[in-house]
Amino acid sequence: IKPVKELAATARHVREDKNFSLRVTAPAASATRDEVAELVISFNAMLTEIEQRQRDLARYQDSLERTVSERTKALLAANRELLAAKDAAEAATVAKSRFLAAASHDLRQPIQAISLFQSALERTALDDEQKRISEYLSLSAQSLGDLLNSLLDISRFDAGAITAIPEAV
């Protein structure tokens, strides 16, 4: 009965303390290998295997925690880079809008001057070829003005100077 009592006590301590390094004293070598001896040997072997698995699990857990920590740091660094890139892009958009707004007057003046010169040219005596060239000049100045106005409208939208009011058409 002594080996069975020791086996029960060790099992209770293992369960309560979660200490898988405990072992039941093996029966004396001179004793016969009966069912109780086999039970003790199997119980000790099971504890050894559980103990090894606990160590492996602890190593895997440490490895996983290191990996999570490294990936978290990398993700935070990537997020910082993305925020910096986003801030730079927003600053570039604001700078572009400011440039276009400031340049609008300077760009419109030469286009207006071209239109005025072309209009004055039309009032002079021109041959057919010169009239054709004058018409192309007028169309080109008008197209350039339309492109500039579209570009400036886009910059006003970007700057928030114009608010869209959607409606059904």
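Predicted model: local features only at pLDDT ≥ 70, side-chain atom pairs only at ≥ 80, totals over all residues.

Biologist: Noted. How many helices and strands are there in the chain?

Modeller: Three helices and zero strands. Going along the sequence, you read the pattern α-α-α. The radius of gyration is 44 Å, well over the 15 Å that the globule rule gives for 169 residues, so the chain is more spread out than a compact globule.

Biologist: What box do the C-alpha atoms fill, then?

Modeller: Roughly 135 × 35 × 30 Å, taken along the principal axes.

Biologist: And what percentage of the residues count as buried?

Modeller: Of the 169 residues, 14% do. The accessible surface of the chain is about 13,300 Å², and carbon and sulfur atoms account for 61% of that.

Biologist: What about contacts between residues at least 6 apart in sequence, how many of those join residues at least 24 apart?

Modeller: That's 55% of them.

Biologist: Let's switch to helix 3. What span should it have, and what do its end C-alpha atoms give?

Modeller: Helix 3 covers residues 128–159, which is 32 residues, and at 1.5 Å a residue it should span 46 Å. Its end C-alpha atoms are 46 Å apart, so the two agree.

Biologist: Which residues of helix 3 are buried?

Modeller: S134, A141, G145, L148, L152 and S155. The buried residues of helix 3 pack against helix 2, residues 35–122.

Biologist: I also clicked on S138. Is that one buried or partly exposed?

Modeller: S138 is in helix 3 too, and it counts as partly exposed because its relative accessibility is 28%, while buried means under 20%.

Biologist: How far is S138 from A58?

Modeller: In sequence they are 80 residues apart, and in space they are 82 Å apart, C-alpha to C-alpha.

Biologist: Okay, over to T10. Where is T10 found?

Modeller: T10 is in helix 1, which runs over residues 2–17.

Biologist: Is T10 buried or exposed?

Modeller: Buried, because its relative accessibility is 9%, and the cut-off for buried is under 20%.

Biologist: What does T10 touch, leaving out residues up to four places away in sequence?

Modeller: With those left out, T10 touches L22, R23, V24 and F43.

How values were computed. Residues numbered from 1 in each chain as written. Heavy atoms only, no water. Helix = DSSP H or I, 4+ residues; strand = E, 2+ residues; numbered from the N terminus. Rg over C-alpha atoms; globule rule 2.2 N^0.38 Å. Buried < 20%, exposed > 50% of the residue type's maximum accessible area, 1.4 Å probe, protein only. Contact = heavy atoms within 4.5 Å. Areas by Shrake-Rupley, 256 points an atom, 1.4 Å probe, with all protein chains shown as cover. Expected span 1.5 Å × (residues − 1).
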